[in-house]
Amino acid sequence: MGQRLSGGRSCLDVPGRLLPQPPPSPPPVRRKLALLFAMLCIWLYMFLYSCAGSCAAAPGLLLLGSGSRVAHAPPALAPGPDGTAPRLPFQAAPATPLAAGKEPAEGAASQEEQSPETPDSPSSISSFFSGSGSKQLPQAIIIGVKKGGTRALLEFLRVHPDVRAVGAEPHFFDRSYDKGLAWYRDLMPRTLEGQITMEKTPSYFVTREAPARISAMSKDTKLIVVVRDPVTRAISDYTQTLSKRPDIPTFESLTFRNRTTGLIDTSWSAIQIGIYAKHLEHWLRHFPIGQMLFVSGERLIRDPAGELGRVQDFLGLKRVITDKHFYFNKTKGFPCLKKAEGSSKPHCLGKTKGRTHPEIDRDVVRKLREFYRPFNLKFYQMTGRDFG
């Protein structure tokens, strides 16, 4: 080993006998930076995953008003007499064609139903997870009633991190049933485990085929009905149609089949929808009363947190939406949420909600209240709740 070759080099220095050398190890600083970067990526993923649900529970600003401005006024429905109300069978109006002036009113209402307000665009976090989860058939449906406050209730519920709902009204069980459940499911948003899928279509409540169709989909479906003083609801319904068709007849002329005798025209949908007891009878043939929740549209305005608490309990959800979420908009005359689901900006329902009602003859209003009173009492008896 100690021999020297010519030129004074050791045998270990001969090129043909060079031993392989291991690669140089990376500097310690570089290894630490790589480890830190990997930890940051894992932490960021976990943070975004948790925010996808919990960030939606932050307080928001949303106008409560599927109805008109008079909805926040104290309900003027006259109280019924003491004691149990007699069970009054509903006498359906004969299936006669509507008056010429009422046909455009129906058409105009349908047009507006087909063009519901578009919710805010989802946040970047929501978009990040839009491909997560799976599409499910709804476990809960807001089935009615039109001009009762259904849009506000749905938007309130969408603030809850465990509620996912389609924004537009699907109208599956009344208009598109022939397209099949696969088509219906595809309309739904994706949900993660533990989340509830919901939709709202107010016309289901007055569609005779809807109860059996929803029951065929799932007998466990939870149903929510938002009701409102039927007289105010009818005027609000007419106001919506009037905004689309200013040439329709007056509310007074559409209300009566015979103004002289005071016979109410129950074939007009604005009147017929408010006969809640009649429609509820169809639903109770397919669903137990305990599987239905009846929300007061008036109380939804006076005490939104209280009414939302009942809804969250009914759906088996933690009470995330509370008093701290609400703000009263003095200009609109409605309570609001500080921000809507999927948005960091204040949001109120559009100006189509809260229209000013036309002045209606007081005698017409009085006769309508007399007409609805027995049906209201029957409805209170069926639901076990006096809506006043």
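I need one definition to begin. A nonpolar core is a set of buried Ala, Val, Leu, Ile, Met, Phe, Trp, Tyr and Cys residues joined through side-chain atoms within 4.5 Å. Buried means under 20% relative accessible area, exposed over 50%, and partly exposed in between, with a 1.4 Å probe and protein chains only.

Two notes on the source. This is a predicted model, where local features need pLDDT of at least 70 and side-chain atom pairs count only at pLDDT 80 or more, while totals for chains, interfaces and linings use all residues. Residues are numbered from 1 along each chain as its sequence is written, and side-chain values use heavy atoms, with hydrogens and water left out.

The largest nonpolar core has 30 residues. Those with the most contacts inside this core are Ile-143, Phe-173, Tyr-204, Ile-214, Trp-283 and Phe-379. Two or more residues each come from strand E2 (140-144), helix H6 (210-217), strand E6 (222-227), helix H10 (276-284), strand E9 (292-296) and helix H13 (362-383). Helices (H or I, at least four residues) and strands (E, at least two) are DSSP runs, numbered from the N terminus. A second, separate core has 25 residues, including Val-163, Met-198, Leu-293 and Val-311. As background, nonpolar side chains in soluble globular proteins tend to be buried together.

Take Trp-283. What is Trp-283 in contact with, leaving aside its neighbours within four places in sequence? The list is Ile-143, Tyr-204, Phe-205, Ala-210, Pro-211, Ile-214, Leu-223 and Met-292. Contact here means heavy atoms within 4.5 Å.

Next, strand E9. Five of the five residues in E9 are buried. Met-292, Phe-294 and Ser-296 are on one side, with Leu-293 and Val-295 on the other, and both faces are covered. E9 pairs with E6 in the parallel sense over five bridges; two strands pair if DSSP finds at least two bridges between them. In that pairing, Val-227 stands opposite Ser-296.

On to charge. How many salt bridges does a search of the whole structure find? It finds 19, a salt bridge being a side-chain nitrogen of Lys or Arg within 4 Å of a carboxyl oxygen of Asp or Glu.

One of them joins Glu-169 and Lys-200, at 2.7 Å from N to O. Glu-169 lies in the loop between E3 and helix H5 (181-187) and Lys-200 in strand E5 (196-200), so this pair ties together parts 31 residues apart in sequence. Glu-169 and Lys-200 are both buried.

Arg-233 and Asp-237 form another, at 3.1 Å. Both lie in helix H7 (230-244), four residues apart, about one turn of the helix. Arg-233 counts as buried because its relative accessibility is 0%, and Asp-237 counts as buried at 3%.

In helix H13, Asp-363 and Arg-366 are three residues apart, and their side chains meet at 2.5 Å. Asp-363 is partly exposed at 28%, as is Arg-366 at 41%. Elsewhere, salt bridges that share partners join Arg-299, Asp-303, Glu-307, Arg-310 and Arg-385 into one network.

Last, Glu-252, in helix H8 (251-255). Glu-252 is buried yet has no salt bridge, and the nearest side chain of opposite charge, Arg-259, is 6.2 Å away. Lys and Arg count as positive and Asp and Glu as negative; His and the chain ends are not counted.
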